[in-house]
Amino acid sequence: MGKILCATRGGEAAVRAQETAIGLAKDRGDALLFFFVVDTDFLQRSVAAVRPDIVQAELESMGEFLLAVAQERAQKQSVEAEIMVRSGYLRDELLTAIRKEDVTTVVLGTPTGPGSVFVLEGLQALAEGIADESGVKVVIAGSQNDEEQG
Amino acid sequence: MRPLTNGASACLFALTLVAVLFVFRPWEPHFAHANQSAPPAPALTGRVLDPQNQPVRGAEITVYVNNDEFEELDAESQGDGSFMVTLNALPDTPFESLRLEILRSHFAPQSWTAGPRELAALRDGQSVHVPDIALERQVTAGFWVATAVFVAMLFIIALERLHNTMASLLSMAVIFGVSFVGGALTHDLFIFDFERSLEYVDFNVIFLLLGMMVVIGITEETGIFQWLAYQAYRISRGRAALLVIILMSITAVASALLDNVTTMLLMAPITLQIAIALDIDPLSLLLPEVMASNIGGISTLIGTPTNILIGSYAGIGFSGFLVNLTPGVLLALAALVGYVLLRYRKQYQGAGSDLSPALLKRLEEGGRIRQPDSLRKAGVVFAAMMALFIFGEDFHLVPAVTALIGAAALLLWVNPDIERMLKVVDWTTLMFFITLFIVIGAVQEVGLIGLIAGALKSATGDSLLIGVLVLVWAAAILSGVIANIPFTAAMLPVAGFLTSTIPGAGNQVLFYGLSVGSAMGGNTSLIGASANLVTAGIAERAGYPITFRRFVSVSLPAMVITVAVGTLWLLIRFSLLIPGG
């Protein structure tokens with residue numbers, strides 16, 4: 001039995017990625033882990049008194065909530081899922097989680113639009129990098145034909 | 001009571017020392033005694049002014065008697081442009097002529113020659129008042145360098161090529177480099193020396209920000225913002241329209257009392273969760289919230305960094321903003337609520353709550369008070385600070401001192417890890433303001449601000465109504481393109497000049513207009529205010545990106561409506577709609 005890690009957030013694109021991951025877990029009988037990374041780099045844009053530790057805690061709490069919603073979505077389809085929130089850079093945290101959790105497949109969502117931190121090319125590069133470095137299969141979900149790397 | 005650690009004691013001592021230094025300001029020269037005593041010898045007094053009739057500080061006055069220079073009689077113009085040359089070292093031989101040479105960087109040299117009447121009076125031991133000496137501006141290479149650096153800094157900040165502080169620090173370094181290295185090669189490149197540059201740094205602003213950072217740092221870990229947001233959700237019972245009104249009210253009030261960036265940083269994550277709970281687009285709650293926070297901050301001196309700048313420069317206290325702007329802010333918020341309800345009516349009507357008990361519990365946990373004891377104490381200190389902000393004006397207690405006293409009281413009473421608390425002071429922001437003041441000082445020194453002020457005066461003439469309209473709307477529109485803090489800092493001397501030259505502007509309406517325009521103008525675009533950017537950052541991380549276009553499509557009409565209401569309020573409040581009022 002393998003383990004699927006679904007790096008996700010909220011929004012429509014994330015729901016598509018979650019559904020893909022839930023479908024894969026159901027088909028393969030794999031364990032499912034929903035994963036959220038808190039990155040507070042955007043605080044650099046502010047000119048005010050900002051406590052990064054407090055903001056990080058709030059974002060972690062928000063991440064747990066978003067993942068709990070995904071967890072319920074999986075439960076409704078009879079798939080038990082775990083959740084994990086980490087703080088740092090997405091790529092580094094993904095690789096760490098893949099190693100520690102013995103992940104066999106990673107599911108990533110497609111860019112959510114022009115305001116997304118990822119453009120599709122960037123996401124593909126990320127997926128290829130993760131696949132090369134960790135040897136796991138990476139699925140970019142959300143498009144009509146889910147793309148697989150690795 | 002637990003004894004404080006050495007580090008804590010040192011920090012408290014430093015804070016107290018800062019407060020004492022700030023009250024007595026030993027670095028500021030005191031001329032009062034010199035001016036009070038009558039000169040023992042005849043004197044020449046006068047004023048040095050720039051082309052806009054504004055006082056020129058630091059002009060060197062050299063005295064020539066019988067065409068010989070008398071270095072011992074040299075004088076320098078003060079902050080109000082005044083100078084006094086005491087003729088206590090004149091030659092024994094009767095003098096036939098007396099001439100003053102006035103030299104000041106970035107101005108053409110000017111001279112004044114005593115006529116027969118003045119000479120006769122001086123020979124009789126009488127003092128003479130010289131007519132105002134108007135200096136002509138000289139556009140030097142330093143002017144172009146300072147201007148280019150200032151414009152580049154605005155672009156770099158707007159395009160987010162560098163962190164704000166890095167951009168202003170780099171700009172300051174270039175200005176000093178050119179002024180010192182280039183100025184040594186050719187005086188044409190000289191901008192100002194280090195001592196003069198420090199005169200442009202407003203320590204009232206720096207210490208007020210520092211004190212408020214500590215207060216905010218303690219308040220934000222209590223969980224009050226999240227609790228308020230959750231209560232809004234609970235009270236509204238799934239009625240999204242009511243929820244958004246409550247959330248907008250909370251963010252507006254919190255922004256007025258603390259600051260809008262902190263408010264949005266702590267409100268946005270739980271707002272997102274509430275929106276998901278109600279199954280509505282989170283942006284239909286987040287965008288109204290951030291717009292309300294940009295407007296709410298205008299009500300008080302401490303609500304926005306721009307108000308802190310304006311209040312310190314124009315001498316407007318806490319109650320000045322409260323009395324003159326709060327009604328306008330309430331009207332603008334009411335108009336904003338109307339706009340939001342109309343804009344998102346379909347979203348709000350479709351709201352429904354089918355949250356599972358587990359998720360509801362999680363939401364409830366996120367919205368609880370984390371440190372009730374700290375919150376109670378912080379509330380007491382904060383109430384005392386508000387009283388001092390308002391009534392302290394009667395005994396000349398400057399807001400910065402109130403903020404520092406409040407910060408010290410909170411650190412002592414709430415007694416958190418003091419070293420950790422002092423780490424939360426955002427030194428990069430303080431550095432941003434210090435370096436920004438110096439960069440703005442450079443463009444003021446070389447005459448760019450004077451040119452802008454002169455052009456604006458030509459455009460508005462003596463009409464206060466036109467002056468208010470131009471200032472409010474220019475500030476509102478430009479704040480959407482360039483960062484509103486440097487913009488406001490640069491516009492302060494302009495508003496000051498217009499205030500001193502337009503009849504009837506002594507009521508500070510132009511400064512209030514600048515406040516309304518620059519803060520409400522934060523809603524013009526995504527880059528218009530720091531609160532917008534951090535909200536977009538949080539929304540993006542939650543999977544709900546706020547694009548520039550999407551933000552503008554919602555916020556631009558809101559900006560036009562609220563600035564129109566704000567302008568109308570100013571015109572009513574300061575009787576500018578009544579002819580001759």
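**A walk through chain B**

Visitor: Welcome me in with a pair of helices: at roughly what angle do the axes of helix α9 of chain B and α10(B) cross?

Guide: Happy to! The axes of helix α9 (residues 240-257) of chain B and α10(B) come within 10 Å of each other; axes are lines fitted to C-alpha atoms, for helices over the stretch in contact, and angles run from 0 to 180 degrees between N-to-C directions. Helices (H or I, at least four residues) and strands (E, at least two) are DSSP runs, numbered from the N terminus. This is a predicted model, where local features need pLDDT of at least 70, side-chain atom pairs count only at pLDDT 80 or more, and totals for chains, interfaces and linings use all residues. Residues are numbered from 1 along each chain as its sequence is written, with chains lettered from A and ligands numbered from 1 in the order in which they are written. The crossing angle is roughly 165°.

Visitor: Is α9(B) then roughly parallel or roughly antiparallel to α10(B)?

Guide: Angles under 35 degrees count as roughly parallel, over 145 as roughly antiparallel, 65 to 115 as roughly perpendicular and the rest as oblique. With the axes crossing at roughly 165°, α9(B) is therefore, relative to α10(B), roughly antiparallel.

Visitor: Which residues of α10(B) does α9(B) meet?

Guide: Contact here asks for C-beta atoms, placed from the backbone, within 7 Å. From α9(B) come Ala240(B), Leu247(B), Thr251(B), Ala254(B) and Ser255(B). Their partners in α10(B) are Asn260(B), Thr263(B), Met267(B), Thr271(B) and Leu278(B).

Visitor: Which element gives the largest share of the side of chain B that touches chain A?

Guide: The contact takes 34 residues from chain A and 43 residues from chain B. On the chain B side, the elements giving two or more residues are α7 (203-220), α10 (260-278), α15 (357-366), α19 (427-446) and α24 (530-541). The largest share, eight residues, comes from α10(B).

Key. Contact = placed C-beta atoms within 7 Å.
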